[in-house]
Amino acid sequence: MRFVKIFSIILVLLILISIGALAGLYKWAAQDLPDYKDITDYNPPLVTKVLTSDGQILGYFFREKRFLVSLHEVSPYLIKSFLAAEDAGFYEHEGVELLGIVRAAIHNFRAGEIVQGGSTITQQVIKSLLLTPERSYTRKMKEAILAYRLENHLTKDEILTIYLNQIFLGAGAYGVEAAARDYFGKHASELTLAQSALIAALPKAPSRLNPYRNPQGARHRQAYVLSRLRDLDWITLEEYEEAMAEPIELQRMHDPSWKHGPYYLEEVRRQLIRMFGEDKVYEGGLIVSTGADIKHLDAAQSALRKGLIESTKRRGWQGPLDNISPEQREVFLHGLAVDPHELEAGTWVRVLVTQVSQNRALVRFGDFKGQIDVSTMSWARTPDPSRAPEEVRAIRDATRVLKEGDVVWASLQEKAENEPNMWNLALEQEPQVEGAILSADPRTGEVLALAGGYDFHRSHFNRATQAKRQPGSAFKPFVYSVALENGFTPASIVLDAPIVYDDYQTLTSWRPKNFEGIFHGPTLLRDALVKSRNLVTIRIAQRMGINTMVNRFRAFGIEETFPRDLSISLGSVPMTLMDLCQAYSAFARDGSYIPLRLINRVADSWGQELYANQDLPVRAVSPENAYIITSLLQEVVRDGTGWRARVLNRPVAGKTGTTNDQNDAWYIGYSPYLLTGVYVGFDQLTPMGKFETGARAASPIWVNYRLEVEKDYPVQDFERPPGVTMARIDPVTGLLAPSDSSQSYFMPFLAGSEPSQRSARADDPERTGSAPTAEEDLLRQIF
């Protein structure tokens with residue numbers, strides 16, 4: 001009996017010691033634990049989505065590719081597969097499965113190191129969100145303590161939802177929705193049993209079992225998951241066999257990100273970072289609504305690329321991309337592997353010149369052959385900025401352009417007859433000149449399209465929003481708008497004659513001149529704007545004063561620093577295309593403008609609004625002033641340098657701009673529903689060449705874009721406000737035209753400012769307002 005008593009006492013003491021040790025161990029492990037309640041506010045790094053105006057995906061921003069989904073948005077097969085593979089007793093245990101821990105401990109003891117964790121899904125959530133990934137018994141104890149606490153704080157479904165969204169599944173996919181998109185091109189709710197089992201097979205080793213890299217390993221692990229589902233009676237034997245027989249067909253969901261309007265998307269990214277910070281943009285799962293339109297974006301980028309290619313050809317041949325020595329040509333051709341399915345008319349390919357004669361060049365690209373006829377090289381002259389293409393003979397000898405071994409760009413035209421692998425091609429070259437196009441709805445301020453360069457992958461610099469260049473004559477409408485507020489009317493007569501300004505401090509003189517280099521004497525203000533007369537514009541500016549002009553420019557939202565220099569009236573102050581378009585939108589509206597914007601609304605991942613644009617119209621000028629300027633700019637299209645826009649056969653107003661030495665070319669044109677601006681020029685100030693004006697270099701881009709989108713809008717004219725009257729004016733005197741005059745302008749006036757005296761001048765065929773001079777007629781043909 002005494003032995004039993006002693007043994008009982010010892011046993012009790014051991015139990016008490018064990019309890020104390022366990023309590024001490026628990027207390028030690030529980031110290032410095034992170035707050036498990038932080039998981040309640042589950043806020044993982046999510047993908048920010050940028051949407052077009054009609055809800056299409058324009059692009060994604062992210063550090064971890066994760067799309068948050070609820071259990072209702074996940075296939076039931078996927079839930080069962082994860083539970084079978086990771087934690088079959090998930091809905092029964094309280095966060096920790098002791099048998100699993102014991103089983104893992106035995107494996108670890110036999111291996112002599114920690115090789116198996118035995119973690120439940122709850123423990124995996126704790127490990128992923130609160131603890132370090134180190135493998136140690138200390139971390140395991142902390143993990144178990146936190147898992148137990150979490151189970152008493154969240155529901156099982158909430159914990160499982162966090163797990164399915166948090167887990168890394170390879171191929172850059174975080175969470176089951178991203179994995180479903182990346183592996184099977186569908187949403188998590190659409191997965192089959194076999195597909196669900198494959199995704200559930202990945203957590204064990206997501207990078208090693210990535211089915212794109214290791215299909216056999218992924219398939220083997222998938223079979224294990226399916227067998228677990230079968231053994232647990234969660235699927236039938238028939239379902240198991242069907243899933244095992246289903247082939248793995250990997251397919252990524254089409255990702256439109258950065259495919260349309262990359263410059264637009266990049267500008268949205270930059271603005272979002274300014275608004276919310278980089279972490280919020282890349283991890284916050286923002287939902288960003290923009291004014292972008294896919295059709296407009298594609299049409300704008302295509303028109304810009306086409307216009308820049310045409311511009312570079314007018315300057316001549318820049319030379320081949322490379323020249324390959326004979327011994328290296330086969331190796332080079334091997335690297336030019338071409339997919340036959342991608343070959344279609346218009347596609348550009350790099351080709352190797354193998355033979356050149358006067359009439360053509362023979363080329364190879366991959367397994368294909370082709371010929372470039374000399375007729376497609378007619379533009380490839382030796383560059384000479386001082387001579388326009390019209391002043392140089394066309395190339396008629398291919399040997400003057402190409403030689404054997406040259407690598408050049410060529411565009412596919414058509415397949416040669418009777419030779420299946422032979423193509424007819426045209427010589428091409430990528431432009432060094434750059435440009436930008438921006439299109440907005442002036443009624444709302446929404447930017448529909450923006451392209452800031454020839455190729456986003458070549459240069460991320462956005463020439464629509466970041467490049468400040470002199471707008472030249474495209475700035476003149478603002479000068480004439482101020483003039484209308486300071487006593488001038490469209491019928492005012494101003495002298496077009498030489499003028500010299502001496503600067504006695506620098507001992508220099510400024511002798512401005514008109515583009516054509518000629519003078520026209522007394523000139524109607526209407527003609528001065530329509531024909532872009534520099535000297536008349538300067539005289540108007542001089543009479544108004546620089547302070548008067550600058551103060552009124554500010555009303556259009558133009559915040560640039562203006563020097564006290566009359567050259568500002570000719571557009572000498574650099575500004576961005578976006579700022580210039582915003583200022584023009586006041587003319588397209590009722591004299592007020594709404595600040596141009598790309599972003600309309602930003603919400604968080606749950607749809608809670610974080611930002612909504614609430615810009616209101618800003619009054620720049622009166623509706624009457626805006627209408628009169630618009631009417632004059634319509635005359636620029638009908639009778640001036642904006643003539644190319646007439647092809648739309650719609651009411652359009654516009655103005656070209658060209659800076660000294662043809663460094664920059666502009667065209668801003670608008671209708672009541674759409675305003676579009678184009679800029680062309682080298683990134684470093686360089687002459688583009690003779691006659692590379694706004695009319696030739698910029699307006700064709702504008703026209704090509706508008707032709708693609710115009711049919712989506714009904715024909716609409718500019719509405720005349722009640723404070724404007726119309727009068728028929730003699731083009732020479734600026735007075736009311738005689739009733740029997742065959743030459744006159746029908747012009748708008750602020751009510752009460754129209755001429756009251758009728759001209760007594762008889763028609764003079766040499767001074768008619770509508771007939772162009774010989775010089776103007778020549779320039780019109782060239783442009």
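Modeller: Angles between axes count as roughly parallel under 35 degrees, roughly antiparallel over 145, roughly perpendicular from 65 to 115, and oblique otherwise. This is a predicted model, where local features need pLDDT of at least 70 and side-chain atom pairs 80 or more, while totals for chains, interfaces and linings use all residues. Residues are numbered from 1 along each chain as its sequence is written, and side-chain values use heavy atoms, without hydrogens or water.

Let's look at α8 and α9. Helix α8 covers residues 193-200 and helix α9 residues 215-231 (helices are DSSP runs of H or I, at least four residues; strands are E, at least two). Their axes come within 8 Å and cross at roughly 110 degrees (lines fitted to C-alpha atoms over the stretch in contact, with angles from 0 to 180 degrees between N-to-C directions). The two helices are therefore roughly perpendicular to each other. On the α8 side, the contact (heavy atoms within 4.5 Å) is made by Leu193, Ala194, Ala197, Leu198 and Ala200. From α9 come Ala218, Gln222, Val225, Leu226 and Leu229.

Now for the cores. The largest nonpolar core has 119 residues (buried Ala, Val, Leu, Ile, Met, Phe, Trp, Tyr and Cys joined through side-chain atoms within 4.5 Å; buried is under 20% relative accessible area, exposed over 50%, partly exposed in between, with a 1.4 Å probe and protein chains only). Helix α19, residues 577-588, gives this core its largest share, nine residues.

Back in the largest core, Phe478, Tyr584 and Val680 have the most contacts inside it. Val680, leaving out residues up to four places away in sequence, touches Leu308, Val433 and Ile701, among others.

Two loop residues deserve a glance too. Phe691 sits in the loop between β24 (674-681) and α21 (694-709). Its phi is positive, about 70 degrees, although Phe691 is not a glycine, and at 14% relative accessibility it counts as buried. Ser532, in the loop between α16 (525-530) and α17 (534-544), has a positive phi of about 60 degrees, again without being a glycine. At 11% relative accessibility, Ser532 counts as buried.

Lastly, Gln56 lies in the loop between β1 (48-51) and β2 (57-61). With 39% relative accessibility, Gln56 counts as partly exposed. Beyond its neighbours within four places in sequence, Gln56 is in contact with Val50, Leu51 and Ile294. Its C-alpha is 9.5 Å from that of Ala292, 236 residues away along the chain.
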